[in-house]
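Let's take a walk through this one together.

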Amino acid sequence: MSSISPKVQNQIAQLQQMQQQMQTIGAQKNQYEMAVREARRATEELKDVPDENAVFMSVGSVMMQKKKEDVLAKLNDKIETLEIRIKSLEKQETMLQGKFEQLQAQIKQALEGKSSPGAA
Amino acid sequence: MVSKVEGIDPRELQSLQLYLNEYRQQSEIFSQQLALLEEGRVEALAAIDAIHGIKESSGDTVLLQIGGGVSLRARIEEPERVLLNIGAEVVVERSSEEAVEYLKDRLTEMEASSKKVIETLEQLKYQMNEIARRLEAGYQQYQMQQARPIPDEQSG
């Protein structure tokens, strides 16, 4: 590692930082995707429930009895909001991926240029 | 991934070490997922047992745990009707049979997910062993390279 120039070392550090950022974004996206799946599943389950059955929804720290259609509307809102957040994270992910690949190519070029026999 | 060890470069060893660390982290995440799935499975089985038990001995007093090891005596008003958490912070009233059916479906899904996670973990383990083997061989070769005198210096 000591033979690598400070500039390339700095680029490698940036690359690692980007990788961490991408991991954080990926983890957040996963979390939202799971929440969407859960909400969709709950919606499907709720559709099978007879209208006269009691339905409760968490409001703060208590479970409140609600109308089935109100809960369905809230779940659909939740899905919509989460999908918007997922799309925004996907945009960030694509942008970072592009920068990452660019930097990776620069580092590769710098390292290969240094280690190639012709360079000596 | 780096596939050869001859003429070893310290940077190659470093990148192998990075891969190994990355796989280790992934393996830990999957192990945690597996533990959560197992926890969910055990919980669902216990809930099915409880629903059956309450139905069989309806009218009996049960202990309602309120935390801190404290319980209250309680009677189940309607053992045939249960309140089921269907996720996304929604609870619905269902018959005990429907709840058991729901839990059984969840159990099947959790078991399928566990199987997939176990397969992934096994693949990761295999890849980690491969990298560890290559790393060890690489380190040995690197040490030998370091110990060997440089031919140019000898001839010159």
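This is a predicted model: local features need pLDDT of at least 70, side-chain atom pairs count only at pLDDT 80 or more; totals for chains, interfaces and linings use all residues.

Residues are numbered from 1 along each chain as its sequence is written, chains are lettered from A and ligands numbered from 1 in the order in which they are written, and side-chain values use heavy atoms, leaving out hydrogens and water.

Start with chain A. Two helices and two strands make up its secondary structure, and from the N terminus they come in the order α-β-β-α. (Helices are DSSP runs of H or I with at least four residues, strands are runs of E with at least two, and both are numbered from the N terminus.) How far does the C-alpha trace of chain A span along its principal axes? About 85 × 25 × 15 Å. Of the 120 residues in chain A, 29% count as buried; buried means under 20% relative accessible area, exposed over 50%, and partly exposed in between, using a 1.4 Å probe and protein chains only.

Now look for the greasy part. A nonpolar core is a set of buried Ala, Val, Leu, Ile, Met, Phe, Trp, Tyr and Cys residues joined through side-chain atoms within 4.5 Å. The largest one here has 44 residues, and A:Leu46, A:Val71, A:Leu75, B:Ile86, B:Val90 and B:Val92 touch the most other members. Elements giving two or more residues to this core include α1 (6-47) and α2 (68-115) of chain A, along with α1 (10-56) and α2 (96-147) of chain B. Zoom in on A:Leu46: leaving out residues up to four places away in sequence, its contacts include A:Val55, A:Leu72, B:Ile86 and B:Val92. There's also a second, separate core of nine residues, with B:Leu16 and B:Tyr23 among them.

Let's finish on chain B. Beyond its neighbours within four places in sequence, B:Ser95 is in contact with B:Glu80, B:Arg81 and B:Val82. B:Asp49, in helix α1 of chain B, counts as exposed because its relative accessibility is 53%. B:Asp49 and B:Val100 are 51 residues apart in sequence, and their C-alpha atoms are 9.3 Å apart in space.

Conventions
Contact means heavy atoms within 4.5 Å.
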